[in-house]
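Please consult the sequence and the structure shown here.

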Amino acid sequence: MEIFLSALETLWRLDVILALLVGAVGGVIIGAIPGVGPAVAIAILLPATFSMEPIVGLTMLLGIYGASMYGGAIPAILINTPGTPVNALTTYDGHAMTRQGQAGRALSLAYSASFFGGIFSVICLVILSPYIAKVAPLFGSRDILMAALLGVILVVIAHRGQTFAAGMLVFFGMFLDTVGMESVRYTKRFTFDQSWLLSGFDLIVVLLGLFALSQAFVLLVGRDRKTQVAPVAGKLFSGMAELFRYKRVAACSSGFGVIMGIIPGVGEFLPQFFSYPLAQNLSKEPQRFGHGSPEGLIASESANNAVPAAAMIPLLALGIPGEALTAMMLSVFYVHSIIPGPALFQTQPDFLVTLYLCLFLVNILVLVVLMMTTNTLLKVINVPGRFLGACILVLSFVGVYSLRNSIIDCAVCAVFGLIGYILKRLKLPLVPIILGMVLGGIMEQRFRASLARIETPLDFINRPISGTIFAIIIIALIAHCVALIRARNKRLLNPGI
Amino acid sequence: MAQKQSDASGVLAVEEQPGEAIFALAVCVASAALVLQIDDQTKWLEGSSLLVQPRFWPSLCLAGFSIFALCHLLSSVARQVRSGKYGFFPWAELANWAQPMEYALYFMGYVFLVPQLGYLPTTLLVLPALTLRSGYRKGRVLLAAAAVGLCTVLVFKSFLQVRIPGGHFYELLPDGLRNVLILYF
């Protein structure tokens, strides 16, 4: 109770309230503009949050993360263009409903499903916390090493059809992390006698290049969309009642979001691809999926929005980010010398409770904002792409230059921007590079820490936790191979597919 | 029902892109070049076991990078040969990869100008210039660009106080104004 009251006191501060508001409103706007997305916004804002208290910075970033998925549903439903990549499946039924003249109903359902998913995952986080607090300290170096390895393997196999490319990029990210002066024997690694390479590649510089600057290039080089969005008619409050009719779909989908959010490396994009077919199988009208099914819309939106809070679990408990956005947030912890991991639950429980409360409030705030301002928000969908690109380019400068006032950092960022642009043209994923950089660093550190207790390679997996995680790795690899063989056989049987 | 499921998985489907094989080849060459440098660029400490060598971890990363890069190259070439959709050198696509170079130069120009002119003047210059370059000619859009530039400076430098030094140009201004500009703009 004392911890809860202390958390409430923190929450009542003006800077925290402001961060909540900025995160919620800003996130909705960012999500509603196709072509920006939370990764760009968080990468740009990251250095600015370093001067804030950790709870203020994290509240703002988490607000943007969660709220952008709500906002991303608006263009997905109204103009068939997902605001963020995770709203891809929302277009299937959401836009179909708009074509049937039910845009208001679709938006209302999407908001309600998102709210349900968001709150569901925060409740799961709160319920799981005491257990996490008990289990997390049991994780030793070998266990965290295995958990990070699981993350690396899952990020590779989660990119079905791009496994080799994802593997290549994840190892590229891991290699980038090794560049510079290593911290144990103080020897130089791949510095090519350049003093600026001694400190290695800064994660934020790489992030800003790959996510923000590359997106600016994509928009500046591309053409503007021509869209006309009609004002949305109807009551946006009616979705809650309708959602109650489909509570089973919403609960199962949110459950998928939570489970997959917890697993490091899976990311926020995949849960919807598990919840959608499940909802279709459970539905009495499966033929309506893809043609304006409310259940399809609920399945995709509630699964997406259940991820942000769940993704905080591996980050807070083990210091292992599950996807790119939590990897970015990890640097906020490090800058303020808060080391996320097993000890955090014992040393700073009030910080964690405040974070949970913030996540809870963000969802309520976003819902209120959306219910009241949807028609006003429609104007931002029409912001011309190239103009947006110019703005992102200027904003990227703040992010990278304010780190160390280094022109070299800016040049490195520009190079990664060009690499990111080419990867986007080739439709190759960027996230494996970032997760490779973060998880690679964690793995090397934990690997070295484990060596004192290792005599044979089998000692890495002779602890109950590391052994279990290793078994999960093997099962995941076997399942991936089986899926590949099945897909190949299916292709051979039906060459047209 | 099966039809719809394939619809949903369509979002995950990966299509062949022009320039895939040439990119994979470039990455393969880069990874091979890095592997060749490993002896020069990392240290091997005599008397220490393999696992504690400073060279061990970068070697592991580069081995993984090279193997996956090679597999990616082989799969890209095989896919290209199978489909015959794009040539090995899709020149139009390669030219497209070079297109953002111009904007990267704009970015670097902005970076070099800020310490000279100051954050506010440079932003008010660069954002409308980029807007003009992007093809917008209406005064309303240029004004919006200047307004966005001003807001960016106000939010980040004046309000959030991010670390961006004042420009040399500010030194030429009278005392009072100079201090305000250095601190807030």
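Two residues are in contact if their C-beta atoms, placed from the backbone, lie within 7 Å. By that criterion, 64 residues of chain B are in contact with 62 residues of chain A. This is a predicted model, in which local features need pLDDT of at least 70 and side-chain atom pairs count only at pLDDT 80 or more, whereas totals for chains, interfaces and linings use all residues. Residues are numbered from 1 along each chain as its sequence is written, and chains are lettered from A and ligands numbered from 1 in the order in which they are written.

**Interface, chain B side**

- The elements giving two or more residues to the side of chain B that touches chain A are α1 (2–10), α2 (20–41), α3 (56–83), α4 (91–98), α5 (101–117), α6 (119–133) and α7 (139–159) of chain B.
- α3(B) gives the most to this side, with eleven residues.
- The residues of this side divide into 42 nonpolar, 17 polar and five charged (Ala, Val, Leu, Ile, Met, Phe, Trp, Tyr, Cys and Pro count as nonpolar, Asp, Glu, Lys and Arg as charged, and the others, Gly among them, as polar).

**Overall form of chain A**

- Chain A has 21 helices and two strands, which are DSSP runs numbered from the N terminus (helices H or I, at least four residues; strands E, at least two).
- The radius of gyration of chain A, taken over C-alpha atoms, is 22 Å, close to the 23 Å of the globule rule for 497 residues, so chain A is as compact as a globular protein of that length. The rule is 2.2 Å times the number of residues to the power 0.38.
- The C-alpha trace of chain A spans about 65 × 60 × 50 Å along its principal axes.

**Helix packing in chain A**

- Helix α11 (residues 247–262) of chain A packs against helix α14 (residues 307–318) of chain A at an angle of about 30°, with the axes 7 Å apart; axes are lines fitted to C-alpha atoms over the stretch in contact, and angles run from 0 to 180 degrees between N-to-C directions.
- α11(A) is therefore roughly parallel to α14(A) (an angle under 35 degrees).
- A:Gly257, A:Val258, A:Gly261 and A:Ile262 of α11(A) make the contact with A:Val307, A:Ala310, A:Ala311, A:Ile313 and A:Pro314 of α14(A).
- These contact residues comprise seven nonpolar, two polar and no charged.
- Helix α6 (residues 103–135) of chain A and α14(A) cross at roughly 25°, their axes coming within 8 Å, and the two are therefore roughly parallel to each other.
- The residues of the contact of α6(A) with α14(A) divide into ten nonpolar, two polar and no charged.

Key
Parallel < 35°, antiparallel > 145°, perpendicular 65-115°, else oblique.
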